[in-house]
Amino acid sequence: MEQSELDRWHMRRALELARQGQGYVEPNPMVGCVIAVGAEIIGEGWHRKFGGAHAEIEALQLAARRAAEATMYVTLEPCCHYGKTPPCTKAILEAGIRRVVVAQSDPFREVSGKGIAELRATGIEVEVGLLEEEAQRLNAPYLKLTRSGRPWIIAKWAMTLDGKTATRAGTSQWISNPESRRIVHQIRGRVDGIMIGRETAELDNPLLTARPAGPRTALRIVVDTHASLSSVSKLVCTTSEAPVLIAVGPHASKADCDRLRQGGCEVFVCSATRHAARLDQLLKELGRRRLTNILAEGGGRLTGSLLDARQIDEVHVFIAPKILGGAAAHSPIAGEGIDEIADALTLDQPVIQATAGDVYVHGRVAW
């Protein structure tokens, strides 16, 4: 096997390892590492959980003394600062690694090229950019959060063949089938937050929890301008099981805000008078808290606002073989929308599959 193909083979393995950290490492990035001598892998690892050992350290521990003069393949630039763990660059130097192949540099300001420069300064051969596109796709949520200060937004909805998410009376349980709902619970279990609008909270009275539980317990977020969420809603009644944040407008009643706080909810007051500006304030606040992935489960007004703000990054849609009809029946996306078909939101490399009768379409948005 030629060296270039051998390098790609090892880096693909490192990317496979990195994916195993999804849902466990955020707000850190998913990172995988392989240490090899020629075609032989002598050590490998991945970042398993937030605050735990980094991928490079785990791989170096397996490689032990054989790491000297070996090549390291890592999906993200090794860190060079003291955070929750010591710098990986120091461990790489001490192990005697002679060559490091990096898929992509880390935009985090404490690293951002410094780790690569530190390794090169000691005479280690460092190559950057192998399978960079795949590595960037893997860590797109981390990259967005780091660069923009806003979380990755995953929009999800279930609808009928005629594009309805609820009947004219507002009922929606259940449009999708149990298999589709099982997938949704898996997504819920790996995200940092689940966001809905006040109307959805009122009509569906959801729990917004993952069943069974996943690696993360999501913050349940209700966009409720006037702080009108009922004190007997399932969300308010289960704040001891999972946190709830109510995002309200500047003119929300103090009495209602206090009522929700007394029920165990956190109330975040958005000061802007315009809805779009308040939504942006909320997203910035979630980013400040280092929430990496937010699942937006509707309704149409909230999803439409996110679309208008160009903040939807990923879409998961479940289409049931049912027809509701009715001009007053609910649709998945409201907001201002788009004027020209040429400007429509499109999915990059969409995946289409059957889920026990429903059609499941998911993919990332190609803005």
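Here is a short chat about the sheet and the helices of this predicted model.

Colleague: What order do the strands of the sheet take?
Modeller: The order is 2-1-3-4-5. The five strands form an open sheet with mixed pairing.

Colleague: Which strands stand at the edges?
Modeller: Strand 2 (40–46) and strand 5 (125–128). Each has a single partner strand, so one side of each is left without a neighbour in the sheet.

Colleague: And how are neighbouring strands turned against each other?
Modeller: By 15° on average, with direction ignored.

Colleague: Which residue is the bridge partner of cysteine 33?
Modeller: Valine 74, in strand 3.

Colleague: What does helix 1 touch in the sheet?
Modeller: Helix 1 (residues 3–19) packs on the sheet and touches strands 1, 2, 3, 4 (99–102) and 5. The direction of helix 1 makes about 145° with that of strand 1.

Colleague: New topic. Which residues are buried in helix 3?
Modeller: Cys88, Thr89 and Ile92, in a helix that spans residues 88–95.

Colleague: Why are they on the same side of helix 3?
Modeller: Because they cover an arc of only 100° around the axis. In general, an α-helix has 3.6 residues a turn, so residues three or four places apart point the same way.

Colleague: What covers those buried residues?
Modeller: The cover includes helix 2 (55–63), helix 4 (114–121), strand 3 and strand 4.

Colleague: Last one: what follows helix 3?
Modeller: Glycine 96, with a positive phi near 85°.

Note on methods. Residues numbered from 1 in each chain as written. Predicted model: local features only at pLDDT ≥ 70, side-chain atom pairs only at ≥ 80, totals over all residues. Heavy atoms only, no water. Pairing = 2+ DSSP bridges. Helix = DSSP H or I, 4+ residues; strand = E, 2+ residues; numbered from the N terminus. Axes fitted to C-alpha atoms, helices over the stretch in contact; angles between N-to-C directions. Contact = heavy atoms within 4.5 Å. Buried < 20%, exposed > 50% of the residue type's maximum accessible area, 1.4 Å probe, protein only. Arc of directions from axis to C-beta.
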